[in-house]
Amino acid sequence: MSCRESKKEHSALESKILRSENIKYATGFSINYYENHKEIIVTSPWPKSTDTFRYIKPTSKLYFKENQEGSVIIKHPIKNLVVMSTTNIPALEYLSVDNKLVGFPGTKYISSEKTRSRIEQGDIRDLNNDLEMNMEVLLDLKPDLIIGYTVNGNNKSLNQIEKFNIPVVLDGSWTEQHPLGRAEWIKFIAAFFDKNDIADSIFNEIESNYNNAKQLALKTKKHPTVLSGSMFKDVWHVPGGNSFIAQYFKDARTNYIWKDDSSTGSLQLNLENMLEKGQTADLWIGAGSYESKRHMLSQHKGYGYFTAFKNNNIYTYTNKMGSEGGLLFYELGPLRPDYILKDIINIAHPEVLPNYTNFFFKRLE
């Protein structure tokens with residue numbers, strides 16, 4: 001009876017939120033702290049999702065899992081884990097928990113030198129790919145946690161994993177429409193390792209760098225016109241006017257040619273559409289992963305009609321690549337929007353950041 005009474009009393013205490021994590025830009029997750037556990041709630045695991053996912057991380061041995069039916073209980077402490085996206089790698093490294101990573105689907109795509117070293121030493125095993133994970137290897141690793149993602153809520157691998165009672169949490173950082181919102185998901189990762197104070201410090205520095213650069217750009221008088229994207233099978237994929245890429249162009253004080261569009265994703269256009277609106281644009285920022293102007297023309301001669309092409313004002317995000325050919329832009333970029341913004345400001349307004357060297361972007365020759 002005394003055990004039941006203490007359990008009842010504990011349950012009452014657990015119902016009181018002691019505090020909530022300060023989330024400034026991200027809209028897809030929240031974190032609530034209770035006396036003996038924390039609750040991590042994801043409301044945007046994929047675009048237009050109406051589902052809510054709750055993850056419970058005990059912070060005390062007094063926590064009773066029976067009080068949280070329907071939630072995923074995360075083991076305390078986490079000794080090893082698997083992640084499914086390269087965008088999680090920088091967060092693990094910044095939080096100093098990358099030594100807990102034991103498996104990844106498609107290790108060749110990881111660019112970080114530090115994590116690649118652990119792969120080469122055999123500390124991180126390859127799990128094939130995120131759609132068809134090697135379940136035999138995964139079960140052998142016995143991870144305490146898997147940080148995954150899904151584009152539409154239907155992922156064959158994740159459905160299989162859940163049948164083995166391995167806790168899976170969904171990272172929806174890629175659904176955020178503000179660059180700083182994407183970076184703030186480091187707090188989501190940190191919550192499972194009880195490192196939110198460190199995550200706050202890391203994010204505050206990134207936010208400060210981003211906003212300071214933005215303020216410098218506000219002082220500029222000229223706003224060069226910008227086009228973006230490239231073609232794939234005669235379809236030109238363009239960042240929508242309300243996308244996170246368009247936010248970079250806005251904060252860098254440029255005149256993005258599709259700024260009045262309301263799309264948060266990408267537009268699919270043809271060459272004629274692009275020539276009509278962007279032929280005379282001053283800058284072409286984010287022209288895929290081409291190696292040179294000659295490489296571009298070999299793929300489509302229509303690229304040569306644009307003023308930015310003729311004036312050598314084309315920039316790609318291929319300045320830094322991993323040893324296996326992966327682009328660091330895709331891996332580190334979501335966590336370091338301050339680097340991306342500074343690069344774009346330096347391209348559009350080189351006088352604003354004297355002696356600055358681009359981190360992700362380079363000019364095509």
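Helices (H or I, at least four residues) and strands (E, at least two) are DSSP runs, numbered from the N terminus, and two strands pair if DSSP finds at least two bridges between them. This is a predicted model, in which local features need pLDDT of at least 70 and side-chain atom pairs count only at pLDDT 80 or more, while totals for chains, interfaces and linings use all residues. Residues are numbered from 1 along each chain as its sequence is written, and side-chain values use heavy atoms, with hydrogens and water left out.

Begin with the open sheet, where 5 strands lie in the order β1-β2-β3-β4-β5 with mixed pairing. Select its edge strands, β1 (19-20) and β5 (72-73), each of which pairs on one side only. From β1, move to β2 (residues 29-33), which runs antiparallel to β1 and is joined to it by 2 bridges; here Arg 19 stands opposite Tyr 33.

Next, select Lys 24 and Glu 207, whose side chains meet in a salt bridge (3.0 Å, N to O), a term for a side-chain nitrogen of Lys or Arg within 4 Å of a carboxyl oxygen of Asp or Glu. Lys 24 sits in the loop between β1 and β2, and Glu 207 in helix α8 (residues 196-218), 183 residues apart. Glu 207 is buried at 12% relative accessible area, whereas Lys 24 is partly exposed at 40% (buried means under 20%, exposed over 50%, partly exposed in between, with a 1.4 Å probe and protein chains only).

Finally, select Lys 187 and Glu 184, a salt bridge with its closest N and O atoms 2.8 Å apart, where both residues are buried.
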